[in-house]
Amino acid sequence: MNFDLHALEAVLLTIVTASTPLLLAGLGELVTERAGVLNLGVEGMMVMGAVAGFAVALTTGSPELGIIAAALAGAALAVPFGVLTLNLVANQVATGLALTLLGLGLSGLIGERFVGQPGVRLPHLHIPGLSDIPFFGPLIFGQDLLVYLSLALAAVVSHVVFRTRLGLVLRAVGDNHASAHALGYSVIGVRWGAVLFGGALSGLGGGYLSLAYTPQWVENMTAGRGWIALALVVFSSWLPGRLVAGAYLFGAVTILGFFVQGLGIGVPSQLLSSLPYVVTIVALVVISRRRGAARADTPACLGQSFVPDR
Amino acid sequence: MRLELEKRPERSKIMAVVSPIAAVVATLLTGAVIFAAIGIPPLKGLWVFFLEPFSSLWSIEELVVKATPLILIGIGLSIAYRANVWNIGAEGQLTAGALAGSLVPIFANSWQSPLTLVAMLALGVLGGMLWGLIPALLKIKSGANEILVSLMLVYVAQLLLDWLVRGPWRDPHGYNFPKSVSFDGWQTMPTIGDGRLNWGILFALVAAVALAVLLRRTMKGFEIRVLGEAPRAGRFAGFSSDRMVVFAFLVSGGLAGLAGVIELTSTVGQLQPNISPGYGFTAIIVAFLGRLDPIGVIVAALMLAVSYLGGEAAQVALGLSDKAARVFQGVLLFWVLACDTLILYRLRFVPGLPAGETAR
């Protein structure tokens, strides 16, 4: 029995590391979409975060600096997106796609000399006593910094969006930009803030991949996680609490795939690798069907450009 | 000083022509800056990347070969995007088409007749259509976002291909390499002349002209434009947006499938884990650069083909990574979208603070 408990603990720990990048990127996109902006460039900003985090951590030896670099890289890539969609009112879908294509290309170019190099791993927290509690210790008190940060951020985002004036303005801009503008709020300004926040968190999510999940750089290492994060935002009905649940559910599905593979059951590895993508499609279908025609919780101005009429 | 957009009374016809040219020029300038930043003389870099591909007959033929899948996929995506249907999973539909087309040489290997190739091409189109039908049906039956579903299916298709070439479809005499049997005879696309040029480009040009006529001269084309630009008006006119979603995915998926099987029968020659250098994604750029117009797409596809060839040349001549081509492609799409603003808006620089600030 003791052995089983250890195995379960190991599985749960990997589920946490697989879920955290999805949660971080999803939270960023949730805020962006709450402001009425659809940024399909999550995958590109994540992969830039991954390469920047890895490169800075490797050259400075500090994974913490790597994390900061990852967030900055994600936000930096969000800047051209903001200029195009907010200031030049370009199509958000097309610009987001451009961002993903650019991010994948640029990260590949930058990361070329880091391929195959051993990375720096983000240390796990160790609180003497607490972290040593069997089973629960490592799970609750022995994660790395970003795991706690991601969960704390989910709580903060939830509070800010629903319990503060800033959140009210954010939702007003996303639900009815013309009224928000008429009330004197700077629609473009709020959206810029949301886009940069989204970029920084996507970058963090990517940095988590190259600093904690698998501390190395592999081209396209995000492998569609940015898109899964986008799906998770829809899945969560734009609610941070449900996003946490969704991210962990997806983390669990991914790890379950690896686990089944480890058991040596004669299932092709490709079938298990495709599991997260198939589950994403199924989840999208289920959630869209359930919500049906009443799309009340979608930000009403999602994807629409705003031109102030002075 | 701030930037202000002023809506033009109507689409600027001049800007519609100037904008893609301006985007290309801006991309070249960006390229020069990037080259200078990484220590390559800018003029030499631009020469190798963008002009050398035109310097010999061989490379012009190669250009056409590379443009073929981009034209086929790009025109299909143009139709879809015009109708406001966002298929971004063409890479998956390309893979599905290649898999379907391979059924013939893998299960009827000894069949050699012109019909062999016809059957392969037809199956390729069908495969791409079927793969495209999944997001279309999920969209109209349950409202699932077609962007995400079509993109997820890219990964599924590539993993399916990976499994097949490493497992059941692997060539038993292939020394355990992850490859299917090699195609030959009528399992491959006949060449034009003795170079690399093949019949594929003819399919692409015919399809482009056909879609251009459809878009400009037929009721269906009108329906596409109305549903894309004014969905409400389209519904009042009795056009069904559900049927349009299916139509757009069948056309774009089928053409991507055709591109896949043409690639397979001409340049690749057998199934292997990698059959496309991201043509399905590059074609998104092609569609926008070509103004979502089938004839414009032909020009745009040739330009993007230059970046693939230039990327290969730059690897040899400048020691530059092949990733550089993808960076240029991404930058180009950014500039295209930025310059497109000029078609609908005038830019004005106005002194003072942004409007939102002065209001309070």
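User: Is A:V89 counted as buried or exposed, and at what relative accessibility?

Analyst: This is a predicted model, in which local features need pLDDT of at least 70 and side-chain atom pairs count only at pLDDT 80 or more, while totals for chains, interfaces and linings use all residues. Side-chain values use heavy atoms, with hydrogens and water left out, residues are numbered from 1 along each chain as its sequence is written, and chains are lettered from A and ligands numbered from 1 in the order in which they are written. Buried means under 20% relative accessible area, exposed over 50%, and partly exposed in between, with a 1.4 Å probe and protein chains only. At 13% relative accessibility, A:V89 therefore counts as buried.

User: What does A:Q270 touch, once its neighbours within four places in sequence are left aside?

Analyst: Contact means heavy atoms within 4.5 Å. A:Q270, which belongs to helix α12 (residues 269–273) of chain A, is in contact with B:L159, B:D162, B:W163 and B:R166 when those neighbours are excluded. A:Q270 is buried, with a relative accessible area of 9%.

User: How many disulfides does a search of the whole structure find?

Analyst: A disulfide is a covalent bond between the sulfur atoms of two cysteines. With the criterion of a pair of cysteine sulfur atoms within 2.5 Å, the search finds 0 disulfides over all chains.

User: At what angle do helices α12 and α13 of chain B pack, and how far apart are their axes?

Analyst: Two packed helices are described by the angle between their axes and the distance between the axes. Axes are lines fitted to C-alpha atoms, for helices over the stretch in contact, and angles run from 0 to 180 degrees between N-to-C directions. Helix α12 (residues 294–318) and helix α13 (residues 323–344) of chain B pack at about 155°, with axes 9 Å apart. That makes α12(B) roughly antiparallel to α13(B), since angles under 35 degrees count as roughly parallel, over 145 as roughly antiparallel, 65 to 115 as roughly perpendicular and the rest as oblique. In this contact, B:L304, B:S307, B:Y308 and B:G311 of α12(B) meet B:A325, B:Q329 and B:L332 of α13(B).

User: How is α2(B) oriented relative to α12(B)?

Analyst: The axes of helix α2 (residues 42–51) of chain B and α12(B) come within 7 Å and cross at roughly 130°, which means that α2(B) is oblique to α12(B). Among the residues that meet are B:F49 and B:F50 in α2(B) and B:G310 and B:G311 in α12(B).

Conventions: Helices (H or I, at least four residues) and strands (E, at least two) are DSSP runs, numbered from the N terminus.
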